[in-house]
Amino acid sequence: MPSFEFNGKTIETDDEGYLQVLDDWNKEIAGYLAKDEGITLTEKHWKLIEWVRDYFFKFQVAPAIKSLIKEVEKLENLSDKKEANKFVYELFPEGPAKQLAKVAGLPKPTGCV
Amino acid sequence: MAKAKASYKVPVLTGEIKVPKVVPGASAYEKMYQGEKDDMAALGFPASLEEGWEIKAVGIFKQLLTHNKALRDYMDICVRCGACTDKCQFFLGTGDSNNMPVGRAELMRRVYRYYFTPAGSLFKGLADAEPFSMEMLKKWFTYYYQCSECRRCSYYCPYGIDTAVITMAAREIMNGIGLGQKYSTVIIHKVFNTGNNIGIPSAALRNTLDELEEEIKDATGKDIKIPMDAEGAEVLLIVPSADFFAMPHMESLIGYAKVFYKAGISFTVSSYASEAANFGMFIGSYRNTQEVNKRIWDEAKRLKVKRVIAGECGHAWRAMYSYSNTMNGPFDFLDSKYRQPTHICDFTLGLVKDGAIKMDPSANDDKIITYHDSCNVARGSRMGMMPEGQFIIPRELIKACANNFHELRNGTNKAETYCCGGGGGILTDEVMNVRIAGSMPKMQAIREAMDNKGVNFLALICAICKTQFTKMYPLYGLDAEMVGGIHQLVSSAIIL
């Protein structure tokens, strides 16, 4: 199984670098995972990371994209969904479902998505 | 770790589809992740590849040849005429001769000749036969997962050889010796655990549906519901779980809900059968296909519905329409007045024709639309009662809810449609370059329609196609918003 060393601890990941163990996640590791994706985390990223993690621990699955976009619209006071969508892709260019899940330490969404 | 976007090889769109220079092994580097132990075991396969796999593989191969007369014929009857060579989008995109349908099939035929024909076992290499070596197994694992089982090549084969049957058999043999593909096996395991490919549990699904109902209410002022697990509803609606999760898929779900609302027909989705897709079919496993499919009919019985309607999902329609009856039928507990199952496009168009719902096509006047025929609908099923209904019905429905429609050029649509490049269980990121290569022919046809007819919207009826094109469009420099389901058009046009 792939893994990386972080602060003296071995962190296991799946083939694509998603954390294998939910409890391994912390803010420093999020920063490390984001950097690997070419992302520098800002306050705006953190708001989404925290929201998506709350959702996951409540529902055992990542939120639907529409829910995420709606949340962003609200959090950032944006005028419409189109703008919110653009905003999310600026933060997570490879797509919010997968890249956000990865940085937030959640499993990769599966299926036709 | 993540493959950098920069490493993607994206072809230039000129509108033309050219046959590439042949380079054997050109796409050998793109490989699937292997299936993990617990997923493999849950599907009834050995957890991993073990000593003695060759003998076991030949044994499974023999069983398949005995059970599946077609497979045996497909091994024997190819005359190497070459008609299929330039018909596969993965060959056209990669130039790899192992992705010519005959080249891909030859990987299996060489093994077949060695073990199952007198000439092959006596004369070996002279008879184009070779033993099932690790090197050959690696080629199988690579190239039988660079096929989307779209059957475009079969359409042109003068002998009617169904190459998808060969790919499915290869995957079944590999799974049987413990060499699985992660993407499909994870997904099937999730269906067994949660009812759907994504792994959405019941409470999460209800929450998503509540939010959608709210959104519809905000947009229309109407109380349009999406009931879940409602016993006694007339219709059980089976949609791909992407319709509960992804974009633009969710827009079609809103469209279905509006149709049921306006027609006054009660419906329900199910948290147990929360998936139309059937990846059991992709991996050629009869047992897994049957088990995934069975959930739908068990749920139809439990909820006491009168009919089952399938949402926008290409291979799901094939699995439900073409195989349900023999796998899990008969469905004599459902109302015999209706076709079981009914495709949502057939259902909605029927309501339009009966005058039960009305459309305002001008609502889609900002769109100049073309339609992509999904492989498994086009070449693996029918729709409605008339011949070629699977081509006619989606087009009639688009035209009922929009004024501007153009066909993609001949040779790229209907029975000759190119795959989106993500079908058959290969819609996974580790083979992104194969997906890009495979999308090239259809993308060229779309580019041509954009340039010559001003097309700005691609209408689809498949969750895989929607995800694949939404991923591909930006890579080719196009806006992903130009992709959506037919019921997204319905959603805009329906007069509530």
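Where in chain B is the place of B:P248? B:P248 lies in the loop between β1 (235-238) and α12 (249-263) of chain B; here helices (H or I, at least four residues) and strands (E, at least two) are DSSP runs, numbered from the N terminus. The peptide bond that leads from B:M247 to B:P248 is cis, with omega near 10 degrees.

This is a predicted model, in which local features need pLDDT of at least 70, side-chain atom pairs count only at pLDDT 80 or more, and totals for chains, interfaces and linings use all residues. Residues are numbered from 1 along each chain as its sequence is written, while chains are lettered from A and ligands numbered from 1 in the order in which they are written.

A cis peptide bond also joins B:Q340 and B:P341, with omega about -5 degrees. B:P341 is placed in the loop between α15 (314-328) and β4 (342-343) of chain B. In chain A, the residue A:N7 has a phi near 50 degrees, a positive value in a residue other than glycine. The loop that holds A:N7 runs between β1 (3-6) and β2 (9-12) of chain A. Most residues other than glycine have a negative phi, and most peptide bonds are trans.

Confidence in chain A is expressed as pLDDT (the predictor's confidence in each residue, from 0 to 100). Chain A averages a pLDDT of 94, and 100% of its residues score at least 70. Within chain A, helix α4 (residues 81-91) has the lowest confidence, at a mean of 93, and helix α2 (residues 43-59) the highest, at 97.

The two chains meet: 18 residues of chain A are in contact with 30 residues of chain B, contact requiring that the C-beta atoms of two residues, placed from the backbone, lie within 7 Å. On the side of chain A that touches chain B, the largest share, 3 residues, comes from helix α3 (residues 65-75) of chain A. That side of chain A comprises 8 nonpolar, 5 polar and 5 charged residues. Ala, Val, Leu, Ile, Met, Phe, Trp, Tyr, Cys and Pro count as nonpolar, Asp, Glu, Lys and Arg as charged, and the others, Gly among them, as polar.

Chain B contains an open sheet of 3 strands in the order β5-β6-β7, with parallel pairing; two strands pair if DSSP finds at least two bridges between them. Its edge strands, β5 (369-371) and β7 (483-485) of chain B, each pair on one side only. Strand β6 (residues 457-460) of chain B is joined to β7(B) by 3 bridges, and B:L460 has B:G485 as its bridge partner in β7(B). Helix α21 (residues 486-493) of chain B packs on the sheet, touching β6 and β7 of chain B, and its direction makes about 75 degrees with that of β7(B). Axes are lines fitted to C-alpha atoms, for helices over the stretch in contact, and angles run from 0 to 180 degrees between N-to-C directions.

Helix α21(B) also packs against helix α18 (residues 389-401) of chain B, at an angle of about 30 degrees and with the axes 9 Å apart. The two helices α18(B) and α21(B) are therefore roughly parallel to each other, since angles under 35 degrees count as roughly parallel, over 145 as roughly antiparallel, 65 to 115 as roughly perpendicular and the rest as oblique. In this contact, B:P394, B:L397, B:I398 and B:C401 of α18(B) meet B:I486, B:L489, B:V490 and B:A493 of α21(B). By class, the contact has 8 nonpolar, no polar and no charged residues.
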